[in-house]
Amino acid sequence: MTSPASLPPPAQRYLFRDGRRGSTTDAQALVRCEQDTALVGGEGARAQAWPRLALLETDSTFSSHGAQLAGRLIEPASATAKAPLVVMVHGSERTPSTRSAYAYALAAQGIRVFAYDKRGTGESEGEYTQNFELLADDAAAALDHARTLAAGRFGRAGYYGGSQGGWVAPLAATRSKADFVAVGFGLVVSPIDEDREQMLSEASASGWPADAVADIDRLSRATSKLVTSHFSEGYQALAQLRTELQDKPWTQAVRGEYSGDMLRSSDAELRRVGRARFDNLELIWDYDAAAVLQRLEQPLLWVLAEDDQEAPIENSRRVLSRLADAGKPIDVYLFPGTDHGMFEYAVQPDGSRRSTRITDGYLQLLGDWMKGEVRGGYGRGRVLSAPKR
């Protein structure tokens, strides 16, 4: 259970290992709190009393490229000296991470966890950025610091990265003494490819005409020229394509990460504020994620959400399969019926999705894999590839 700033005290959010989640303020909350006890699953005599898990929490700061970053080491009292140590690597969020529900969910499984606020967020100094190179150096510094804080009290040490952390954590592992990397709902393609794959997924889901696929490829090439040149080149090609596509209805609905908005912007608007709007976070647009995994020697767990709309999985799945077939120590799992964040969902009348819960088995898989204790099944998860052991 955690107490995020978004909830008024004493309200708390809860997350079960099987993925059920909610807030103690929900009308049908599964959890109520009384002092140091959580009452779970019912009223009165039907409720189970769960005592507080004994944790040692150590707040500290560490330095990376001129910024002081704030972190927290979370150690379950029950953890052995051989328990793994994991550093939580952020996604693209701007929210503080030292009270991450994921961090406490892993600590509850006997894992030592170091969570830190990404530069420019929470109590950390520096400017918020999405530059993978800088963020990987921050993550490497976090692991070095965590090793010092927990010296003599852990076995192997590594990273967990979710979403954008799937780009950052493997790169950090090539620059530090990491023993493992675990990634959830991340991509093994570039941000440009992510944008294109999202548009192709939209085309498939919406039944757009066959020629839309070719046009989306053209749109991706045009917008990629703008972003990779940091808006110094490519205006004319996009303006010409905008004219050619102006009568096609799907152009008003296409989104992607950025191409849809760029297509519907005027040439004058893009020249005036395009870079400020779309290229202000130092993103490495053509980042070669597959090349980083090719260099990675440490064991890697990669978990895919089958119906991921934000990070479509097909190209990533192919790359991971190819690397596994080549002998890389990669475990790949797929959870069906899940969207980004490993969330199961309900489809609304308008076709949108409402997240319901983290899929059962995902959090336990992460914990067991980090501890080297993978056995049996994990919810509806399927093993796509695993190294010979």
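View 1. A residue is called partly exposed here when its relative accessible area lies between the buried class, under 20%, and the exposed class, over 50%. In this predicted model, Asp18 has a relative accessibility of 22% and therefore counts as partly exposed, and Arg357, whose relative accessible area is likewise given as 22%, is partly exposed as well. The two residues form a salt bridge in which the closest N and O atoms are 3.9 Å apart. The pair links distant parts of the chain, since Arg357 belongs to strand β16 (residues 353-358) while Asp18 sits in the loop between β1 (13-15) and β2 (21-23), at a separation of 339 residues.

**View 2. The salt bridge of Asp215 with Lys248.** The closest N and O atoms of Asp215 and Lys248 are 2.6 Å apart in this salt bridge. Asp215 lies in helix α5 (residues 211-228), whereas Lys248 lies in the loop between α6 (235-245) and α7 (259-264), so that the contact ties together parts that are 33 residues apart in sequence. With a relative accessibility of 5%, Asp215 counts as buried, while Lys248, at 24%, counts as partly exposed.

View 3. Arg277 forms a salt bridge with Asp261, for which the closest N and O atoms are 3.8 Å apart. Arg277 is part of helix α8 and Asp261 is part of helix α7, so the pair ties together parts that are 16 residues apart in sequence. Arg277 counts as partly exposed at a relative accessibility of 43%, and Asp261 is also partly exposed, with a relative accessible area of 34%.

**View 4. Strands β3, β4 and β5.** Strand β3 (residues 31-34) and strand β4 (residues 37-40) run antiparallel and are joined by four bridges. They form a hairpin with two residues between the strands, and Gln35 in the turn has a positive phi of about 55°. β4 also pairs with strand β5 (residues 48-51), in the antiparallel sense and over four bridges. Leu39 of β4 can be followed across both pairings, as this residue stands opposite Arg32 and also opposite Ala49 in β5.

**View 5. The open sheet of nine strands.** The strand order in this open sheet, where the pairing is mixed, is β6-β7-β9-β8-β10-β11-β12-β13-β17. β6 (55-64) and β17 (382-385) stand at the edges with a single partner strand each, so one side of each is left without a neighbour in the sheet. From one strand to the next, the twist averages 20°. The partner of β6 is strand β7 (residues 67-76), with which β6 pairs in the antiparallel sense over ten bridges, and within this pairing Leu55 has Pro76 in β7 as its bridge partner.

**View 6. The second largest pocket.** This pocket has a volume of about 420 Å³. Its lining comprises 23 residues, and those nearest its centre are Gln130, Gln164, Glu194, Glu257 and Leu283. Helices α4 (191-206) and α8 (267-278) are the elements that give two or more residues to this lining. By class, the lining of the pocket holds ten nonpolar, seven polar and six charged residues.

Note on methods: Residues are numbered from 1 along each chain as its sequence is written. This is a predicted model: local features need pLDDT of at least 70, side-chain atom pairs count only at pLDDT 80 or more; totals for chains, interfaces and linings use all residues. Side-chain values use heavy atoms; hydrogens and water are left out. Two strands pair if DSSP finds at least two bridges between them. On a 1 Å grid over the protein atoms alone, a cavity is a set of points where a 1.4 Å probe fits but cannot get out, and a pocket is an open set with protein on both sides within 12 Å along at least five of seven lines; lining residues have an atom within 4 Å of a point. Grid points are joined across faces, edges and corners, and a volume is the space filled by probe spheres set on the points. Ala, Val, Leu, Ile, Met, Phe, Trp, Tyr, Cys and Pro count as nonpolar, Asp, Glu, Lys and Arg as charged, and the others, Gly among them, as polar. A salt bridge is a side-chain nitrogen of Lys or Arg within 4 Å of a carboxyl oxygen of Asp or Glu. Buried means under 20% relative accessible area, exposed over 50%, partly exposed in between (1.4 Å probe, protein chains only). Axes are lines fitted to C-alpha atoms, for helices over the stretch in contact, and angles run from 0 to 180 degrees between N-to-C directions.
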